[in-house]
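Work through these exercises with the structure open. Try each task before reading its solution.

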Amino acid sequence: MFERFPEGFHALVQGGGRGIGLECVRQLLAAPRVGCVYATSRRPERADGLQALADAHPDRLVVVPLELTDEASIEDAAATVAARSRRLHLLFNVSGILHDNQGLAPEKKLTDVRTENLEKSFRVNAFGPLLVARAFHQLLLHREHAVLANMSARVGSIGDNGLGGWYAYRGAKAAQNMFTRGLSVELGRKSKALICVALHPGTTDTALSEPFQARVPAGKLFTAEYTAERLLAVISGLRPEDTGSFLAWDGRPIPW
Ligand SMILES: NC(=O)c1ccc[n+]([C@@H]2O[C@H](COP(=O)([O-])OP(=O)(O)OC[C@H]3O[C@@H](n4cnc5c(N)ncnc54)[C@H](OP(=O)(O)O)[C@@H]3O)[C@@H](O)[C@H]2O)c1
């Protein structure tokens, strides 16, 4: 696992407090090739699973607060990481939002669309990963193998959209996809060793999918452990020619 990355490489999981992100942090810490893991969370003091991992790995896990809707928080997080690590080899933007308890819910029809919900979704799902890339990219520009992975969703594929609805989430993930492709072009000019990809995790049993799980066929709902294992395997196998692609948990390409 992770043979293309240098021995003792440094990884950062943005959104490592719960769900798929927390499992990625757990599995990265279990990989001997990984030297140091940074995990961000909006409120680390409330992220019990992450705190337990930090207690178990005090020398290899650094927990950093990061709120995606606050640019200063992103810049502060980048400064904290840069003060400890000269280089990052993996930056995985995992955070995302589909619904909340303040009125955000996937739209069933056009008349459900609300400006405040579009803004909320775009801030977290689209602007957030781009601003994180802006703040952290210098740490990824070096001669060693490096990956910037943004967590997208198949429903963000324009070509694959045959059902409609979910305007805010679909639109924000589609915008994120365009940003990822743009990053692959611009950062690719600066470093041939950096691979930028969009990833789809598959429907996974987390708080994000919980209200919609009834529609998932039996046996098709992944555990967060399985999803993290598959996504880290995809990341581990990436080659330079994969930069700018949109890949599912099984490594297969998804149409834009
Ligand atoms: N689960 C699925 O079936 C599925 C399917 C397709 C795509 N995805 C994508 O996979 C990713 C992970 O989702 P999940 O299923 O693991 O969801 P989850 O368990 O609900 O976790 C959501 C994560 O996003 C973070 N987050 C939300 N708003 C944030 C903000 N303003 N600033 C910083 N972090 C924020 C949360 O941090 P806090 O802990 O601080 O709230 C949490 O770490 C998301 O990008 C999602 O869109 C999931």
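Predicted model: local features only at pLDDT ≥ 70, side-chain atom pairs only at ≥ 80, totals over all residues.

**Exercise 1. H1 and H2**

Work out how the axes of H1 and H2 are oriented to each other.

Solution. 
- Step 1: Take the angle. H1 and helix H2 (residues 48–56) cross at roughly 15 degrees, and their axes come within 10 Å.
- Step 2: Apply the cut-off. Angles under 35 degrees count as roughly parallel, so H1 and H2 are roughly parallel to each other.
- Step 3: List the partners. From H1 come Leu 22, Val 25, Arg 26 and Leu 29; they meet Gly 49, Leu 50 and Leu 53 of H2.
- Step 4: Classify them. The contact of H1 with H2 has five nonpolar residues, one polar and one charged.

**Exercise 2. H1 and H6**

At what angle do H1 and H6 pack, and how far apart are their axes?

Solution. 
- Step 1: The angle between H1 and helix H6 (residues 224–237) is about 65 degrees, and the axes lie 8 Å apart.
- Step 2: The crossing of H1 and H6 is right-handed.
- Step 3: Contact residues of H1 include Gly 19 and Cys 24, while those of H6 include Ala 228 and Leu 232.
- Step 4: By class, the contact of H1 with H6 divides into six nonpolar, three polar and three charged residues.

**Exercise 3. H3 and H4**

Describe how H3 and H4 pack and which residues meet.

Solution. 
- Step 1: Helix H3 (residues 71–84) and helix H4 (residues 115–140) pack at about 15 degrees, axes 9 Å apart.
- Step 2: H3 and H4 are therefore roughly parallel to each other.
- Step 3: Their crossing is right-handed.
- Step 4: Among the H3 residues that meet H4 are Ile 74, Ala 78 and Val 81; the H4 side includes Leu 131 and Phe 136.
- Step 5: The contact of H3 with H4 has nine nonpolar residues, two charged and no polar.

**Exercise 4. Arg 86**

Is Arg 86 buried or exposed?

Solution. 
- Step 1: Locate Arg 86 in the loop between H3 and strand E4 (90–93).
- Step 2: Count neighbours. Arg 86 has 9 other C-beta atoms within 10 Å, so Arg 86 is exposed.

Terms used. Residues numbered from 1 in each chain as written. Axes fitted to C-alpha atoms, helices over the stretch in contact; angles between N-to-C directions. Helix = DSSP H or I, 4+ residues; strand = E, 2+ residues; numbered from the N terminus. Parallel < 35°, antiparallel > 145°, perpendicular 65-115°, else oblique. Left-handed = near helix turned anticlockwise from the far one by under 90°. Contact = placed C-beta atoms within 7 Å. Nonpolar A, V, L, I, M, F, W, Y, C, P; charged D, E, K, R; others polar. Buried ≥ 20, exposed ≤ 12 C-beta atoms within 10 Å, placed from the backbone.
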